[in-house]
Amino acid sequence: MAGVAAKTSAMFNNGVTSVEVVDSDNDDIGVTRSGIKRFLVPSVNRFRQLFTSSPTSMASSTKRYWRRRQNKQDTENDQYYDQVDEQDEYSDKQELHQQINDGNGSKNHDVEEADDDDEEDQDEDRQVRKKMLRKQNKKEVEVKKKKNTEIRLLLAKSTDDTKNNAKMMSESTAVVTIMDELDFKENSNANDSERETWERNADFLLSIIGFAVDLANIWRFPYLCYRNGGGAFLIPYFLMLIFGAVPLFYMELILGQFNRQGPISVWKNVCPLFKGVGFCAVLVAFYVSFYYNVIIGWSLYFLAMSTTSSSGQLPWVHCNNTWNTNSCVEQKDDDWAAVINGSNQNYNYLPRMHANGSLLVMLDGTSDTGSNFNDQSSPAAEYFHRGVLGMQMSDGLNELGYPKWQLALCVFIVYVMLYLSLFKGVKSSGIVVWGTATLPYLVLTILLIRGLMLPGSLTGITYYLQPELYRLLDTQVWVDAAVQIFYSVGAGFGVHLSYASYNNIKNNCYTDCLITTAVNCFTSFFSGFVIFTYLGFMSHKQHKPISSVATEGPGLVFQVYPEAVATLPGSNIWAMLFFFMSITLGIDSAMGGLECVITGLMDEFNGFFKKQKWPRERFTFAVIGISFCVALINVTPGGIYMLHLLDTYAAGISLLCSALFECLAVSWFYGLEKFCDDVENMIGHRPGLYWRICWKFISPMFIIGVVTFALIYHQPLTYNGYVYPEWAEWLGWTLAFSSILMIPGMAIVQMCRANGSFKKRLAYNITPASEHESMEKNKGECTRFRLKHWLYI
């Protein structure tokens, strides 16, 4: 029948099975197959019979064909399950025999209990997944049998109408063999079993603690307390922690552990419409790596200078260096004693030394040169800004300059360490965190004990704990508190979701959430004690108010702490220990951020990476290489201005938006009832009322309020007296919205990819992929359109 074209296609399980038959003028037949072991295609003559044979012969031959096909499918299915049952029975006998042998052998040697426990956990995990798969497959077999029966009945009632025959052929080709479906499910399970897992649960716990406890705990949290009224900042901080960050942190652990997928591909099983949330989280984590690893590079540079000082003294102690200015002053304890003993004058300020070595005596806030006391700078501040960064060679973002090779080398070493920690996956990173997550507490404890012995330390602690309650009326205090707690805990980054995806499915992530949150808050609060102890000492030494002692941003680590360790006996050793601690604090957090990028993209484009040789190693190298090239901008003389810009916009509003839409997608669209069922299947009990109310109402409301106030009361960006130009502000907002716009952008893409009416497209995109087949069986009925789904708490 020339000029007639008939095309049929069937798509099952997101495109696993595809059949296409074309009859053209020259009678060529094309068949495409994907992922099918046994595919029974009717011969060319049978397809032609639909158009050329008589209705009676066509109907009888079609009936015979489908009866034979159904009988064959039933036989293959029975043989398949008989074979599986025989294999299970054989494996059970082998295990029993092995247990008997192990029992006899235990009399002669000891058994390593820790390894046995790990193996038992993995075996239990495999058995649970296997039983769930078998149960799901059997249900699908019954569905396929019913569908085949319906088609046979339809064919039996067929008429000699050609259009009806063509319609029946189209519907019949939509039925794939049961064995093909089972093969797909087994392949999916095999891919899941190939996913790496943590060697020990402690590796996972230390990894998420290591990411949550980072450099932000020792400089960002104390600085925000320092800037926002001391103890007053703790009130919004803990409110945001209890009702915002912790519930979302727990939610991320559940999503990752239950679905065992990265932060992008996990949304296919949650709510495909919000797939952009995963891309947003990955972009935010990638942007943070541009500047966060530079701060670790600074620590490495300070560590090197602490060990290679030719004079045996730390280079930030005196004002007689080439980078110092006449504004640099330092305290000389001997000169102070001489002045006090040789005069009855009541000095209000400690004597200091100019860079030229002459004594500087200041009365009533002025120096002997007539300059104001507040214009003076400390040796540590000038060393950081002029000796390390070289800021005197740049006027701002308009003149960045060339990268300093010393800092570029340090940053390169940091990226090499990151590659060696990540290229083998969680097997290598799990070992590293044992050292990086524990050392900081020893160093901070030593620094606190020493700081409490210094004069003025109690004044600093009083300032830290005594709240200035009027500051709570400032909306910026609340915005800073929200950004800090989400930044510190790591909610919204997708890092915890990535780490949890390598967990055993029965791991108690609820306990991990509580432990990590407690350790993170304790570290922030504890490091606040340490730094305010030394701020009080510096205030006493300089006779300045605590609020004007130190600079802002990450410079707090590289000005206050260096000056603090310089007061210790054997300061070189303490400086090396402190900056080594800073490196360990930063490395595991940097590992977590890049792991989110690597895991997220490799899981999303798994089909592409499977075809590559050494995919993990090569892709890790590419991600780290790109991040390093961008990071070189921040090691130029004007790089500190770019770093402050990235720190403000890369993970501020965009991080909060990522957490907000993640919460909305799970609690409202995926459904709290189904989400609680997932939790119960994993850890044996459902989340309490506190978690459910926070997920559905309180956490989203908190975040929406903070984001709204941040946009309305936005303040111009400055750093150390430098006011950023307008184009830099636009650059920052472009960076922020580049990640935020991934959420609506991917939602539009998902809607365009779907077929049917707008309602049908929306139904498929707010329903997990695992429920699409049941929707088809129920004629497209979507449970998400029911009022019960939205009102469940």
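Student: Which side chain meets R686 in a salt bridge?

Tutor: A pair is called a salt bridge when a side-chain nitrogen of Lys or Arg lies within 4 Å of a carboxyl oxygen of Asp or Glu. In this structure, which is a predicted model, the side chains of R686 and D677 form such a pair, with 2.5 Å from N to O. R686 is partly exposed at 30% relative accessibility, and D677 is likewise partly exposed, at 31%. Salt bridges that share partners also join K674, E771 and R784 into one network.

Student: How many salt bridges does the structure hold, and which parts of the chain does the one between D480 and R227 link?

Tutor: The structure holds eight salt bridges. In one of them the side chains of D480 and R227 meet at 2.4 Å, N to O, and this pair links distant parts of the chain, since D480 belongs to helix α16 (residues 475-489) and R227 to helix α7 (residues 215-227), 253 residues apart.

Student: Is D480 buried or exposed?

Tutor: The general idea is that a residue counts as buried when its relative accessible area is under 20%. D480, with 9%, is therefore buried, whereas R227, with 34%, is partly exposed. In the salt bridge between R616 and E595, where the closest N and O atoms are 2.7 Å apart, R616 counts as buried at 12% relative accessibility, and E595 is buried at 1%.

Student: Turning to the nonpolar residues, which members of the largest nonpolar core touch the most other members?

Tutor: A nonpolar core joins buried nonpolar residues through their side-chain atoms. The largest one here has 190 residues, of which W298 and F493 touch the most other members. Helix α9 (residues 275-307) gives the largest share of this core, 20 residues. Domain 1 (201-310 + 385-753) and domain 2 (758-792) both contribute residues, so the core lies between them. Beyond its neighbours within four places in sequence, F493 is in contact with several residues, including F211, A281, F486 and L655.

Student: Which residues form a nonpolar patch on the surface?

Tutor: W405, L409, F412, I413, V416 and L420 form such a patch, and together they have about 600 Å² of accessible area. F412 is placed in helix α12 (residues 405-422), and because its relative accessibility is 43%, F412 counts as partly exposed.

Note on methods:
Residues numbered from 1 in each chain as written. Predicted model: local features only at pLDDT ≥ 70, side-chain atom pairs only at ≥ 80, totals over all residues. Heavy atoms only, no water. Patch = residues over 30% accessible without salt bridge, like charges linked within 9 Å, V, L, I, M, F, W, Y side chains within 5 Å. Areas by Shrake-Rupley, 256 points an atom, 1.4 Å probe, with all protein chains shown as cover. Helix = DSSP H or I, 4+ residues; strand = E, 2+ residues; numbered from the N terminus. Buried < 20%, exposed > 50% of the residue type's maximum accessible area, 1.4 Å probe, protein only. Core = buried A, V, L, I, M, F, W, Y, C linked by side-chain atoms within 4.5 Å. Domains from an automatic or database assignment. Contact = heavy atoms within 4.5 Å.
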